[in-house]
Amino acid sequence: MKVSFIGLGTMGYPMAGHVSKAGHAVTVYNRSTEKAQNWCKEFTGIYAATPALAAQDSDIVLTCVGNDDDLRAVYLGLDGAFQNAKAGTLFIDHTTASAEVAKELHQAAQEHGFFFMDAPVSGGQAGAVNGVLTVMIGGEKSDVDKAQPVLDCYAKASTLMGPVGNGQIAKMVNQILIGGVLSGLSEGIRFAQKAGLDVATLVDTLKHGAAGSWQLENRGETMSKDEFDFGFAIEWMHKDLGLCLAHAEKMGLMLPLTQAVDEDYQDLIAEGRGRQDTSVLVKAFDKKA
């Protein structure tokens, strides 16, 4: 298929690479032309000067940008992807954004004769590089079926969660759970260290039991060593948790643990740790201990 990929950030760059390596004809766009040019040197494909030119003549257009405002710009702007696409084009948004902007873009897509689904991903940079992301989709099954050959290029699982917007809500749940797990893991790791346990041995033991988690297995030992220079940056987690809290407020729901974790991340960002991994939450615990 003819596939366009708009947004070559930490996630989009390798995701687009997997689509190219699978044999699809890929056109990329990025705000930084240099990054798009570098992508074309590494993978087979061409780059376009605007989202509109990138989307032209494509069967499927994938986006992975920063936030709601970025999405409106690349879809609805003067040079946006909706300006130049052919009728029947399927747009798939992998950005972690609000459910409201997903519904807004879906409505605009329908008015133009396009199809749209929100499909945020989980798995971080490593998942994108290794092509094993988890995709949470809001949309129609027929669109998922059409997209599957492309999604399979970089995902180990892609699941339809319901109508447009539900993909974003599922991703919010994902981020709420990560924050909660890291909060407990921060206390547990420091408790173990204070008690004199060997953290590597502890992690290798607990990962097989009821306390096992991806965070424990992949971040427990590095947290004990105060190593945080990899993975998903807390400035992005703060953005994501803000989406969770805003959506919860609209539903009349309180998320006290998520609120506390987000406040800790805000404090860590103020200390200059915004680009460090989410597991740096343990440093907020250190200040309270």
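Good morning. I begin with M223, which lies in helix α10, residues 214-224; helices here are DSSP runs of H or I with at least four residues, numbered from the N terminus. The model is predicted, so local features need pLDDT of at least 70 and side-chain atom pairs count only at pLDDT 80 or more, while totals for chains, interfaces and linings use all residues. Residues are numbered from 1 along each chain as its sequence is written, and side-chain values use heavy atoms, leaving out hydrogens and water.

Is M223 buried or exposed? M223 counts as buried because its relative accessibility is 0%; buried means under 20% relative accessible area, exposed over 50%, and partly exposed in between, with a 1.4 Å probe and protein chains only. Leaving aside residues up to four places away in sequence, M223 touches L182, L185, S186, R190, F228, S279 and V282, where contact means heavy atoms within 4.5 Å. S186 is 37 residues from M223 along the chain, yet their C-alpha atoms are separated by 7.8 Å.

I turn now to the aromatic rings. Rings of Phe, Tyr and Trp (its six-membered ring) pair if their centres lie within 6.5 Å; planes under 30 degrees apart are stacked, over 60 edge-to-face, and the rest tilted. By this rule there are eight aromatic pairs. One of them joins W39 and F43, tilted, at 5.2 Å centre to centre with 40° between the planes. W39 is buried at 0% relative accessibility, and F43 is buried at 13%.

Y75 and F82 are edge-to-face, because their planes stand at 65°, with ring centres 5.0 Å apart. Both Y75 and F82 are buried. Ring pairs also link these two with F91, F114 and F116 in a cluster.

Terms used:
Helices (H or I, at least four residues) and strands (E, at least two) are DSSP runs, numbered from the N terminus.
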